[in-house]
Structures are given as C-alpha cells and as structure tokens.
Amino acid sequence: MASPRPYDLVICDIDGCLTPEGTEAFDREALERIARYNRQARAAGDRPELTLCSGRPQPFVEAMSRFLGIGVPCIAENGVWLYDPTTNAYRIDPGIGARDLEAVANITSWMRHRYAGAGAAIQPGKTASVSLYHADHHWLVARLDEIRGHCHAEGFPLRVSMSWYYINCDLVHISKATGIGQLIAAKGFARERLAGIGDTMGDAAIRERVAFFACPANADDGLRTLADYVSPFEVATGVVDILERLMPGPAGRS
Ligand SMILES: [Mg+2]
C-alpha cells in the first residue's frame, strides 16, 4: 500500500526558520503548532515528521528538539553532530579526526587573543567548528580576509564563511549535507522521500539532499530560486504554512 504521506521527513533549519535571526522572542504560538504537528505525525504517520539541521551547538538543538517533540535524529553544528532525542545518543561525525580538532583549537585560540579586545567573542558550545561573534556586521566583514589568510597560511582544513553576526570556520569535509548523509545512513531514508526547509545559502546543502525544498518569506534571494515553494509568511509562521502543505486532507495541498 502506498504511504499516505507525501514525504517521510522534513529537515528544517532553525535560525531564520523556526526562531528569529536576531534577539526577538521566539514565536511560541507557531512553535507550539509545530510541536502539535509533530505529535500528530508520530501518532498517525499521516504526515512527515520534522527534524532539525542547524549550525547551532548541540545543546541548543537538543533543547529545541525536546520542545518540539522530535523523534528523529537531529543534525547540529553544521553536520558535526547527529543527536538522537529518543535515546539521548550524541555521535560526532566519524570523519572528524584529531588533527581536525587541533586545527579548530588553534584558530579558536588565535581569534580569541587577536579579537577579544575589539568586542568580539567566540560562540560558546561548539566542538569541531568555531564562530566568532560581533555585534557590528561591518567589523566582521573587515576581518574576513585576515582570518581566511591565516587558515590558508597555517594549512588549517577550514572553510571560512559569514552570516550576519558571525564569521564561521567549519571543517572542509563537514557540512549540513554530510550531516544529512549521516542521518540517511543511520535511519535509511530515501532522498525522494525527504523534504527540507531553509533560509540562507548554507541551506543549499539541505536542498541538495531532498526532493522537495521550501523557504519562509524571509529567505535569501539566492536560496529562493532553488526552492519548490516559498511561503508568503516569515520564519516560524512560514514553516507552519509549509507543513500545512504536507498534511493530509483539506489542509494539505501537496
Ligand atoms: Mg538559517
């Protein structure tokens, strides 16, 4: 018998999708609707469950997974961790070695000493990547080449990228795409049965791995062109709208 649901899983970014990018309060009403959606998905199997795929450190992803009642492993720290909320098992990507961790420790220490006096800070909680925070986006833009140059000169296997408030250094062989690869290997999902949600170009790695991809209205222009559907609503309200399209019955439009 054909599955009653169009997809088996929705892989969703957190910042800019479930929670605001800035310091605004969470949209508790929308998140509660998503938690109810997930409970129904687990109980009835009539719609794809939602799981998380985020650059955030594992503890933040764990907290979100518990609030949303997620029953499928989540991807944290841009693919570094696969965290299973049903067993509390944390698994670091087996491709991360001692030399990788040493390079991350080195760049962390270098940035801390060099930039701490300028009001920058290392984001707490990460294991095999590092994010440098500064409240002034333009200050970060002015440091990007210097950090890239240092990584190159030292031979660190790190990819240096920017989001609005952070410069992110991630291992070159680890990404949201490899994290999804770990999830697929662990749970046996098929690409044609996966959906995804994201808001910035880092989420193109989710797009690559899923059959149906959607964005909330606040998504970057570049990513919107890769989406099958762009919600007219922003952030978590947009995700609720996207999930409604994946539901059965009159509300489901997919
Ligand atoms: Mg995001």
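Biologist: Why is D8 called buried?

Modeller: Buried means under 20% relative accessible area, exposed means over 50%, and partly exposed lies in between, with a 1.4 Å probe and protein chains only. D8 has 18% relative accessibility and therefore counts as buried. The model is a predicted one, in which local features need pLDDT of at least 70, side-chain atom pairs count only at pLDDT 80 or more, and totals for chains, interfaces and linings use all residues. Residues are numbered from 1 along each chain as its sequence is written, and side-chain values use heavy atoms, with hydrogens and water left out.

Biologist: What makes the contact of R193 and D8 a salt bridge?

Modeller: The term requires a side-chain nitrogen of Lys or Arg within 4 Å of a carboxyl oxygen of Asp or Glu. For R193 and D8 the N to O distance is 2.9 Å, so the pair meets that definition. R193 itself, at 22% relative accessibility, counts as partly exposed.

Biologist: Where in the chain do R193 and D8 lie?

Modeller: Helices (H or I, at least four residues) and strands (E, at least two) are DSSP runs, numbered from the N terminus. R193 is in the loop between helix 5 (176-187) and strand 10 (194-197), whereas D8 is in the segment before strand 1 (9-12); the two are 185 residues apart, so this pair links distant parts of the chain.

Biologist: How do you know that E62 and R66 are separated by about one helical turn?

Modeller: They are four residues apart in helix 2 (residues 58-67), which is why that separation is assigned. With 17% relative accessibility E62 counts as buried, while R66, at 48%, counts as partly exposed. Elsewhere, salt bridges that share partners join R5, D8 and R193 into one network.

Biologist: Which labels do E49 and R42 receive?

Modeller: E49, at 14% relative accessibility, counts as buried, and R42, at 47%, counts as partly exposed. Their side chains also meet in a salt bridge, with an N to O distance of 3.8 Å.

Biologist: Why is Y165 called partly exposed?

Modeller: Its relative accessible area is 31%, and so Y165 falls in the partly exposed class. Y165 lies in the loop between strand 8 (158-162) and strand 9 (166-171).
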